[in-house]
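Opening the notebook on this one.

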Amino acid sequence: MRIDKEDNIWAIDKGSDMIVKFNPQGRVVWVFGRRKEGADEETKPWGHPKPPLPAVDGLFRQPTDVTWDSSGNIYFTDGYGNSRVAKYDKNGDWVKSWGEYGTAPGQFRLPHAIVADRNDNLYVGDRMNHRVQVFDTDAKFLRMFTIDIPPVPGTKAVNGNTPTGDRLTEVIGAPNSICITPGPNQVLFIGESTFPGRIFKVALDGKVPGVIGRSGRRLKEFSGAHALACPSETDVYAAETSNWRVQKLIIH
């Protein structure tokens, strides 16, 4: 879920392949995408076929996040099934999409989060490629960066086996959620998935001045930081799927 500058609420319904815009009074304004219905020829879940099914303009397969540029254009990460970013204009009309499944620049393996900075650069959390890719609003690839800070030795996963070897390499710094602060001196906060479970303070060039927490259940520990909000550089809210809670962090 995201809230835009006009206090509209944008709900990402991954299970229904839709994004719904609500006004501040809770009324539906727009619906993007469409859920399969009983009259459709094929109503079973999409699954994750390899190679992926061809993407279709205006339809989604498990979308994950939304952001906006300074002109009001809308960007969705269409994440689990289509491995792309979709762009609409401020009137809700389809513009374009870019990306496909893969590991090359401009390709994605689960684009799970997206934010825009004050210069309209788009930061896409490419989770399974454990990297952040940066684009302009016309889909031009600008750069990418990774976070390669290993967990503190002895850190354990909250649920399931603790990753090791190649699997550990894949999850270190994998961007599960991203927020960006307002104002002239913006920074990113990036949350890992359930393990190693940290939140990083990240400069726009990808440098990491701060690491917050570790995998765990206690306060200031995280498991599945699936959504972040950072209304300032000192206040961060983290919603955790595995720990079923929201934590407010005050950054000194």
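**Pockets, then a threonine**

The second largest pocket has 15 lining residues, with R167, V171, S193, T194 and F195 nearest its centre. My pocket rule: on a 1 Å grid over the protein atoms alone, an open set of points where a 1.4 Å probe fits, with protein on both sides within 12 Å along at least five of seven lines; lining residues have an atom within 4 Å of a point.

This is a predicted model, where local features need pLDDT of at least 70 and side-chain atom pairs 80 or more, while totals for chains, interfaces and linings use all residues. Numbering runs from 1 along each chain as its sequence is written, and side-chain values use heavy atoms, without hydrogens and water.

I noted about 260 Å³ for the second largest pocket (the space filled by probe spheres set on the points, which are joined across faces, edges and corners).

Next I looked up the largest pocket, at about 1,300 Å³. Its lining counts 50 residues, and R2, I3, D4, T67 and W68 are the closest to its centre. Which strand gives the most to this lining? I found β5, with five residues (strands are DSSP runs of E, at least two residues, numbered from the N terminus).

Then T181, in the loop between β13 and β14 (188–191). T181 is buried, at 2% relative accessible area (buried is under 20%, with a 1.4 Å probe and protein chains only). A polar atom of the T181 side chain sits 3.0 Å from the backbone nitrogen of V187.

Terms used
Helix = DSSP H or I, 4+ residues; strand = E, 2+ residues; numbered from the N terminus. Buried < 20%, exposed > 50% of the residue type's maximum accessible area, 1.4 Å probe, protein only. Polar contact = N/O pair within 3.5 Å; in protein donor to acceptor, adjacent residues only side chain to side chain.
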